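Welcome! Have the sequence and the 3D view open side by side, and take your time turning the model as you read.

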Amino acid sequence: MARMNDHPGEQPAADPIRLLAIRDTPLSVDEVFGAVGDSAAGGTALFVGTVRDHDGGADVDALGYSCHPSAEAELRRVAEKVAAQFPVRALAAVHRVGDLEVGDLAVVVAVSCPHRGEAFEACRKLIDDLKHEVPIWKHQTFSDGTEEWVGAC
């Protein structure tokens, strides 16, 4: 009997990056989830980031995201790094820019791997690195009239 890791389905896909985008239109969980479907994947992890009505103890009235022109290239670099670190069968990430409202989807990422633990770890790494390394900035206006910029980099 062959060892489990010898099966092709246990290996990373040759080209696992299926969808990467920064968009000024509403995001779709179904689109991202559909992009990471893979018959060799036993685990798929999905993260959805939504706009909340508060931050740091203050009520948020308005929120907008903007990005540097290099943001999509940086998103690809982050995705490639995650795909090289884990046995990723499929990976997708989309981030919204522009003015958003409370409840809107700001970011959706998903990763499929042969096993659930790998999928969870890879998805966590993907969203954490996206938030820390991709030049996307959040501008928040609070109900008390103050505002702040929050940067990914």
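In helix H3, the buried residues are Ala119, Ala122, Cys123, Leu126, Ile127, Asp129 and Leu130. Looking down the axis of H3, you would find these buried residues within an arc of 170°, so they line one face of the helix. Please keep in mind that this is a predicted model.

- What do the buried residues of H3 pack against? Their partners are E2, H2, E5 and E7.
- The length of H3 can be checked too: at 1.5 Å a residue, its 18 residues should span 26 Å, and its end C-alpha atoms are 25 Å apart, which agrees.

- Ala119 has a relative accessibility of 1%, so it counts as buried, the cut-off being under 20%.
- Which residues does Ala119 touch, not counting those up to four places away in sequence? They are Gly43, Thr44, Ala45, Val111 and Cys113.
- Ala119 and Thr44 are 75 residues apart along the chain, yet their C-alpha atoms are separated by 5.6 Å.
- Asp129 is also in helix H3, and at 8% relative accessibility it counts as buried.
- Leaving aside neighbours within four places in sequence, Asp129 is in contact with Val78, Lys81 and Val134.

**The sheet**

- Now look for the open sheet, where 4 strands follow the order E1-E5-E7-E2 with mixed pairing.
- Strand E1 (17-23) and strand E2 (43-50) stand at the edges with a single partner strand each, so one side of each has no neighbour in the sheet.
- From one strand to the next, the twist averages 5°.
- In a regular strand, side chains alternate between the two faces of the sheet.

**Strand E7 and its partners**

- Strand E5 (residues 90-96) pairs with strand E7 (residues 105-113) in the antiparallel sense, over 6 bridges.
- To trace this pairing, find Leu91, which stands opposite Val111 in E7, and then Ala93, whose bridge partner in E7 is Val109.
- E2 pairs with E7 as well, in the antiparallel sense and over 8 bridges.
- Here you can look for Val48, whose bridge partner in E7 is Val108.
- How many of the 9 residues of E7 are buried? The count is 8, so E7 is largely enclosed by the rest of the structure.

**Helices across the sheet**

- Helix H2 (residues 71-85) lies across E1 and E5, and runs at about 150° to E1.
- Helix H3 (residues 116-133) lies across E2, E5 and E7, and runs at about 145° to E7.

**A stop at His139**

- You will find His139 in strand E8 (residues 136-142).
- Which side chain makes a polar contact with the side chain of His139? That partner is Glu147, at 3.1 Å.
- Apart from neighbours within four places in sequence, the contacts of His139 are Ala62, Leu63, Gly64, Glu147, Glu148 and Trp149.

Key: Residues numbered from 1 in each chain as written. Predicted model: local features only at pLDDT ≥ 70, side-chain atom pairs only at ≥ 80, totals over all residues. Heavy atoms only, no water. Pairing = 2+ DSSP bridges. Helix = DSSP H or I, 4+ residues; strand = E, 2+ residues; numbered from the N terminus. Axes fitted to C-alpha atoms, helices over the stretch in contact; angles between N-to-C directions. Contact = heavy atoms within 4.5 Å. Buried < 20%, exposed > 50% of the residue type's maximum accessible area, 1.4 Å probe, protein only. Polar contact = N/O pair within 3.5 Å; in protein donor to acceptor, adjacent residues only side chain to side chain. Expected span 1.5 Å × (residues − 1). Arc of directions from axis to C-beta.
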